[in-house]
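Welcome! Please have a look at the sequence and the 3D view before reading on.

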Amino acid sequence: MSSIDYSEKIPNNVNLANDRTLQRALEHWQPRFLEWWREMGPNDFASVDVYLRTAVGVDAQGWAHYGTVKMPDYRWGIFLADPIADRTIGFGDSFGQPVWQQVPGEFRSQFRRLIVTQGDTEPASVEQQHLLGHTCPSLYDLRNLFQINVEEGRHLWAMVYILHAYFGRDGREEAEELLARHSGDVDKPRILGTFNEPIEDWLSFFCFCYFTDRDGKFQLKSLAESSFDPLARTCRFMLTEEAHHMFVGETGLGRIVRRTLEVMTEIGGDDPEAIRRQGAVDLPLLQRYLNFWFSSSLDLFGSEVSSNAASTFANGIKGRPDETTQYQDHVCAEASCELQMPDGRGGSKKETVGMRNAMNEVLRDAYIRDCEIGLKRWNMQIKRAGRGFELKLPSSRFRRSIGAWANIQTDLEGNIISREEFERRLPGWIPSASDKAFVKSLMQRVVEPGKMAAWIAPPDRGINNLPVDYEYVRLN
Ligand code: BYC
């Protein structure tokens, strides 16, 4: 295992000291990153001590280091998973050949586009969450938010390293642009839709971690299969950080369900208004938040039929998650699949599509199955409490803005309906203005160690075997 050198100005395990030009270029970008962090990150908390996890090595044990850090002093750096000896290309037209240590010239722009898109999401999420610290439901949650924020900053470093090290001047320019676009900015927004949606409350934050970070998992797993080995290695290490973000989403939503069920028992019923009067989140309200974030995150997989996806697969640029273990045919030159597509006359029809063109849909299907796992768990909690409510994922056709189903109005089950009916019923399907106002009213900060806001149950355990009432963030 390679360890990380923290004596360097930029901690790294890529021997940065041996490449003076690259080191200088990255040292030039570093103050810009810190300036962006100060302006767009959780900067109102710059002086507080946070109990954070920092990677000291790139294998599983490398995560053992926990300590109290002020966020601006967090050691962002460049960490690649160790190389796999004699690794060969796992999919596409060059299947079986040795992986590449440099970007082949003919694939440069395709690689750059994907790396920039990936890199763009990381600072975007920090920007989206920039003010959440002020309304934390507990110190435990506040610490998790900050852990996620610093790690998203680290993921930005991961992509910036690849851009600087392998894309020359273009790469350096793209790295600057990653700090110039901003979430929700009218003139220079972030590239992908979901990353321009505001996250102004913790219910949205937990939904984002559950649904949108899970897109991150699937996209990173696909890029971890890439024939361009440095990209594959950096994504492999990023995945170890990503797991915690999804954990925060899943347990956060699970704790909200638990608290709501407790309140239902206390009041002896499930009347949403009565639940809200107790300061908790009624389950239909939670369902509307799930509908919003799930449908938005589905768009992140791109179009059902995509020549971009076909070509990145054929060229060995972006594979499928767990390509080696999950699939038999790694070339997919002849394979096809059937997709249910809109027929342009208000109905849908089956279309046979070349498998390579359907890669976005293959990923989206696997993602949907993964999303179901948390819902099953929460529904089990609800059932055990003797309640009849069931949380559901809406159809993948619902409220889409990208792909074949974009701007086709459907209900939650995916039945095509008229625009008038859709507009009339939409406020009952996604959070309405009054839902948002109510959720906002719940967002009162709780910072006494061990105490939780009234709308969320405590976690089962604390961080790194510490008790839940540990002072994870020292605010003074
Ligand atoms: N919004 O052929 P198409 C994460 C664009 S999350 C706006 O349909 P393609 C994280 C697309 O860019 C993971 N635009 O799709 C999570 C293209 O534009 P250009 C992020 C969209 O190219 C939480 C055009 O539509 N990583 O890490 O096959 C916190 C036609 O594209 C959207 C990646 O996404 C959208 N939703 O696939 C922090 C991996 N969807 O280029 C971090 C890198 C599509 O023609 N990206 N478009 O101007 C990719 O693999 C692909 O670009 C996509 C799209 C899967 C996004």
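Which residues does F205 touch, not counting residues up to four places away in sequence? F205 touches Q129, L132, L145, I148, I199 and V248, where contact means heavy atoms within 4.5 Å. This is a predicted model, in which local features need pLDDT of at least 70 and side-chain atom pairs count only at pLDDT 80 or more, while totals for chains, interfaces and linings use all residues. Residues are numbered from 1 along each chain as its sequence is written, and side-chain values use heavy atoms, with hydrogens and water left out.

**Nonpolar cores**

- The largest nonpolar core holds 118 residues, and F111, F205, F211, L253 and W455 touch the most other members.
- A nonpolar core here is a set of buried Ala, Val, Leu, Ile, Met, Phe, Trp, Tyr and Cys residues joined through side-chain atoms within 4.5 Å.
- Buried means under 20% relative accessible area, exposed means over 50%, and partly exposed lies in between (1.4 Å probe, protein chains only).
- In soluble globular proteins, nonpolar side chains tend to be buried together.

**Helix α5**

- Helix α5 covers residues 202–223, which is 22 residues, and spans 30 Å from its first C-alpha to its last, close to the 32 Å expected at 1.5 Å a residue; the expected span is 1.5 Å times one less than the number of residues.
- A kink of about 35° in α5 is centred on F208; the bend at a residue is the angle between axes fitted to the seven residues ending there and the seven starting there.
- Because 21 of its 22 residues are buried, α5 is largely enclosed by the rest of the structure.
- At the start of α5, a side-chain oxygen of D201 comes to within 3.0 Å of the backbone nitrogen of L203.
- That is a polar contact: a pair of N or O atoms within 3.5 Å, where within protein one must be able to donate a hydrogen and the other to accept it, and residues adjacent in sequence count only if both atoms are side-chain atoms.
- K217 sits in helix α5 and is buried, at 19% relative accessible area.
- Leaving aside neighbours within four places in sequence, K217 is in contact with L239, E242, M246 and D370.

**Around the ligand**

- The ligand is surrounded by 29 residues, the closest being R113, Q118, S303, S306 and K318; a residue is near a molecule if one of its heavy atoms lies within 4 Å of it.
- A polar side-chain atom of Q118 is 2.6 Å from a nitrogen atom of the ligand.
- For K318, a polar side-chain atom lies 2.6 Å from an oxygen atom of the ligand.
- G193 has a backbone N or O atom 3.0 Å from a nitrogen atom of the ligand.

- Most residues other than glycine have a negative phi.
- N15, although not a glycine, has a positive phi of about 60°; N15 lies in the segment before α1 (20–40) and is exposed at 54% relative accessibility.
- N407 also has a positive phi, near 60°; N407 is in the loop between α11 (359–384) and α12 (419–425) and is exposed, at 61%.

Notes:
Helices (H or I, at least four residues) and strands (E, at least two) are DSSP runs, numbered from the N terminus.
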